[in-house]
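Reader: I am new to this structure and would like to know what stands behind the terms used for it. Please show it to me, and then I will ask.

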Amino acid sequence: MKPGLASIVAIALLGAAPVQARESLGVFDRWAAFRDPAPLRCYAISAPVRGGNNGRWRPFAAIGTWPAQRARAQVHIRLSRERRQTAQLTLSVGDRRFALAAGDADAWAPDARTDAAIIAAMRSSRSMSVEGLARDGAPFADTYALRGAATAIDAAALGCVGRPR
């Protein structure tokens, strides 16, 4: 198993669905794709190559599809640290910068158009990072390798096509 792959699999296995119900759609370098049957959702997911694990949760970046909610290709990032409430989060993908909507420890694209722009940038870039200020005021950055991301995103999208809700 490649370094980091165990982290990807461990992250994907965390969650509400029983482990045996989760179906692997493939592992593509540092990214993997999975399908959960109930509720039906498919997603590509990766662990950061650089960024801390705070011990309470594992950070990840995911691109998900939830057919019942008519949500497709949504960006979700679990931060390595809780962010300062007033701090802006920025996602850098190649030479593009995106402001993210954020909760205490999670971040999303603010709308579907930004989701699409982020994914397009991911397809042509080698890495991405999310930067911000932690609750204690210290700056942090979680960095992700993007090799395999496009294939995992496509596998996740195909995993939910034509599936009953």
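Reader: Why is alanine 73 called partly exposed?

Author: Alanine 73 has a relative accessible area of 30%. Buried means under 20% relative accessible area, exposed over 50%, and partly exposed in between, with a 1.4 Å probe and protein chains only. The value of 30% lies in between, so alanine 73 is partly exposed. This is a predicted model, in which local features need pLDDT of at least 70 and side-chain atom pairs count only at pLDDT 80 or more, while totals for chains, interfaces and linings use all residues. Residues are numbered from 1 along each chain as its sequence is written, and side-chain values use heavy atoms, with hydrogens and water left out.

Reader: Where is alanine 73, and what is its phi?

Author: Alanine 73 is in strand β5, and its phi is positive, about 50 degrees, although alanine 73 is not a glycine. Most residues other than glycine have a negative phi.

Reader: What makes arginine 70 exposed or buried?

Author: Its relative accessible area is 67%. That value is over 50%, so arginine 70 is exposed. Arginine 70 is in the loop between β4 and β5 and has a positive phi of about 55 degrees without being a glycine.

Reader: What makes a stretch of the chain a helix or a strand?

Author: Both are DSSP runs, numbered from the N terminus: helices are H or I with at least four residues, and strands are E with at least two. On that basis the protein chain has three helices and 10 strands. Their order from the N terminus is α-β-β-β-β-β-β-β-β-α-β-β-α.

Reader: How do you know that β2 and β3 pair?

Author: Two strands pair if DSSP finds at least two bridges between them. Strand β2 (residues 31-37) and strand β3 (residues 40-46) have six bridges, in the antiparallel sense, so the pairing holds. Among the partners, alanine 32 is bridged to isoleucine 45 in β3. Between these strands, proline 39 sits in the loop, and the peptide bond that joins alanine 38 to proline 39 is cis, with omega about -5 degrees.

Reader: What makes β1 and β10 edge strands?

Author: The open sheet has 10 strands in the order β1-β2-β3-β4-β5-β8-β7-β6-β9-β10, with antiparallel pairing. β1 (23-28) and β10 (139-145) each pair on one side only. For β10, the partner is β9, which runs antiparallel to it and is joined to it by seven bridges. Leucine 133 stands opposite proline 139 in β10.

Reader: Is β10 mostly covered or mostly open?

Author: β10 is mostly covered, with five of its seven residues buried. Across the protein chain, buried residues make up 45% of the 165 residues.

Reader: What makes the pair of arginine 22 and aspartate 36 a polar contact?

Author: A polar contact is a pair of N or O atoms within 3.5 Å; within protein, one must be able to donate a hydrogen and the other to accept it, and residues adjacent in sequence count only if both atoms are side-chain atoms. The side chains of arginine 22 and aspartate 36 make such a contact at 2.6 Å. Another polar contact, of 2.9 Å, joins the side chains of arginine 22 and tyrosine 43.

Reader: Why does serine 80 count as buried?

Author: Serine 80 has a relative accessible area of 1%, and a value under 20% means buried. Serine 80 lies in the loop between β5 and β6, and its side chain makes a polar contact of 2.6 Å with the side chain of aspartate 142.
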